[in-house]
Each structure stands twice: as structure tokens, then as C-alpha cells.
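Notebook, opened to record what I look up in this model. Entries follow in the order in which I checked things.

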Amino acid sequence: MTDVIAIDGPSGSGKSSTSRGVASRLGYAYLDTGAMYRAMTWALLQRGVDVHDADAVAAAAHEVVLTSGTDPAGPTIAADGVDVSGPIRGDEVTSAVSPVATVPEVRELLVSLQREAIARATGGIVVEGRDIGTVVAPDAGLKIYLVADPVARAKRRAAELGVEDADAMREALARRDAIDSNRAASPLAQADDAVVVDGTDLTLDQVIDHIVALAQQ
Ligand SMILES: Nc1ncnc2c1ncn2[C@@H]1O[C@H](COP(=O)(O)OP(=O)(O)OP(=O)(O)O)[C@@H](O)[C@H]1O
Ligand SMILES: Nc1ccn([C@H]2C[C@H](O)[C@@H](COP(=O)(O)O)O2)c(=O)n1
């Protein structure tokens, strides 16, 4: 059985829901690395840091203490001892996280925390993000690159948030994907040895079943 499963892909492709489902089915831990970038962003905003000033972000990032809980049934994320699971999903953090995630010092800090979490998870772990198969865990036993049609992604995310304008949602997802794909430091990328899974026409359970079967092979 594979010990580390890396699930990468563009925004809203279903990484979190799928990863939690796969981890629960296999009895693995689950690490949401996007939540770590969001929690870092929340902590920087709390400090009044201009997220577009890379030097200020790099300097302040070292002060932030992040703690991730890796139970797939109830993952948690805290910044400086504060549970930020709710606030990191709000508009303020969502619109500020991309520039923070481009800063190399932030990535260095968070990749190091992510590798520590992987080392602690002796019973196996599903790790999801943008650079897991390429940078964080290049030796992962199974790498998935999860995609879905942009219109399907936008509709699902709009439904989840109760937003009516799926077109605006599609544009917002495309903007985040463009920033994530084009940054110099560990961009969103498909690892050469990743299995591409397209969830556009699959239910969440079908995607989970497929990945669990791959892990058990
Ligand atoms: N195969 C699927 N069928 C239907 N809905 C799905 C499927 N996969 C995910 N969803 C729904 O799509 C939405 C986005 O999924 P999710 O949050 O898991 O994506 P994500 O890739 O983790 O997003 P982000 O990159 O923003 O963190 C959620 O509402 C989720 O329930
Ligand atoms: N390994 C990762 C995980 C996430 N990011 C960036 C990409 C997004 O802009 C942001 C939030 O991620 P989400 O919660 O939407 O998955 O963090 C990254 O650069 N690397």
C-alpha cells in the first residue's frame, strides 16, 4: 500500500473533498497545504503587512506559528494559536493568498512544515496542494493530478458558496490558476509520473473510489 498520496491540481478541481474521502477510506492522515498558505495570509493581514510587498511578507512570515490538525474527519488549522478554519475561507484571505504564495521564503517555510507533517504520519497521509508531487513529496508512492472542466469547477464552487454568478466565479478561478501556474517558485504543475484524473463527469464518490483503487494496486 502507498504511504504518501500527493493530490495536486487547479483551484476548485475537487482536491480537498477527494483527499479527505481517500484518507478516510484508507485510514490515513490528511494535510491541506492550501489551508496553510491561507492561514499564513490571515496572520500577515492581522499584522497589517502589505501582501504585495514581497520583502515585508518574507520578513513577517518567520514570526507566524502554524499548526495543522490532520484528521480527515475534522482537519484544523491554527495561526498563532487561533483557530482560523473559518476566516481563511473568506473573501479577504482568498483575494490575498496568491501573492503571498509566490514569495519564495514563504514557500520554503511551509514546505518544511509540510515535510515534517508527512514524516510524523507513520500510518500514511494524503497531501493536497499545487506542488506536492513535484516539490514537497517527489517520492510519493502515488501522485494524482486532479482536473475538471472550468465551467464545472465554477458551478460547483458557486453552488457551495451560494453565489449566483458562475461566470464571475470561473474568471476568479482562472485568475488564481494563472498566478499559481506562472510563479517562479514551485508553480502549479503536473508531476511527470502523476496519474491524471478528470472529475468533470464523475461523482465525488466515483473519484474517491478510483483513487483508492489506484492506491491499493
Ligand atoms: N466529482 C465531484 N462531483 C461533484 N462535486 C464535486 C466533485 N468534486 C468536488 N466537488 C465539489 O466541488 C467544490 C470544490 O471542491 P473542493 O473544495 O474539494 O476543491 P479544491 O480543489 O480543494 O478547491 P481549492 O483549490 O479552492 O482548495 C466543492 O463544493 C465540492 O463538494
Ligand atoms: N501547495 C500549495 C497549496 C496552495 N497554494 C496556493 C494556491 C492558492 O492560491 C492558495 C490557496 O489554496 P487552496 O486553498 O485554494 O487550495 O494557496 C500553493 O501555492 N501551493
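Which helices each supply at least two residues of the shell around ligand 1? I find α1, α7 (150-161) and α9; helices (H or I, at least four residues) and strands (E, at least two) are DSSP runs, numbered from the N terminus.

Conventions. I note that the model is predicted, that local features need pLDDT of at least 70 and side-chain atom pairs pLDDT 80 or more, while totals for chains, interfaces and linings use all residues. Residues are numbered from 1 along each chain as its sequence is written, chains are lettered from A and ligands numbered from 1 in the order in which they are written, and side-chain values use heavy atoms, with hydrogens and water left out.

Entry, ligand 1. I looked up the surroundings and got 18 residues, the closest being K15, S16, S17, R157 and L202; a residue counts if one of its heavy atoms lies within 4 Å of the ligand. I then listed polar contacts (pairs of N or O atoms within 3.5 Å). A polar side-chain atom of K15 is 2.7 Å from an oxygen atom of the ligand. For R157, a side-chain N or O atom lies 2.8 Å from a ligand oxygen atom. L204 uses a backbone N or O atom, 3.3 Å from a nitrogen atom of ligand 1. On its own the ligand has 630 Å² of accessible area, and the protein covers 82% of that; areas come from the Shrake-Rupley method with a 1.4 Å probe.

Entry, α9. I checked the length of this helix, residues 204-216. At 1.5 Å a residue (times one less than the number of residues), its 13 residues should span 18 Å, and the end C-alpha atoms are 18 Å apart, which agrees. Its buried residues are V207, I208, I211, V212, L214 and A215; buried means under 20% relative accessible area, exposed over 50%, partly exposed in between (1.4 Å probe, protein chains only). I list the cover of the buried residues as including β1 (4-8), α1 (15-26), β7 (142-147) and β8 (195-198), with contact meaning heavy atoms within 4.5 Å.

Entry, positive phi. D80 has phi near 50°, positive in a residue other than glycine, and I find D80 in the loop between β4 (76-79) and β5 (82-83). D80 counts as partly exposed because its relative accessibility is 33%. S186 has phi near 30°, also positive in a residue other than glycine. S186 is in the loop between α8 (166-182) and β8, and is buried at 16% relative accessible area.

Terms used. A polar contact is a pair of N or O atoms within 3.5 Å; within protein, one must be able to donate a hydrogen and the other to accept it, and residues adjacent in sequence count only if both atoms are side-chain atoms.
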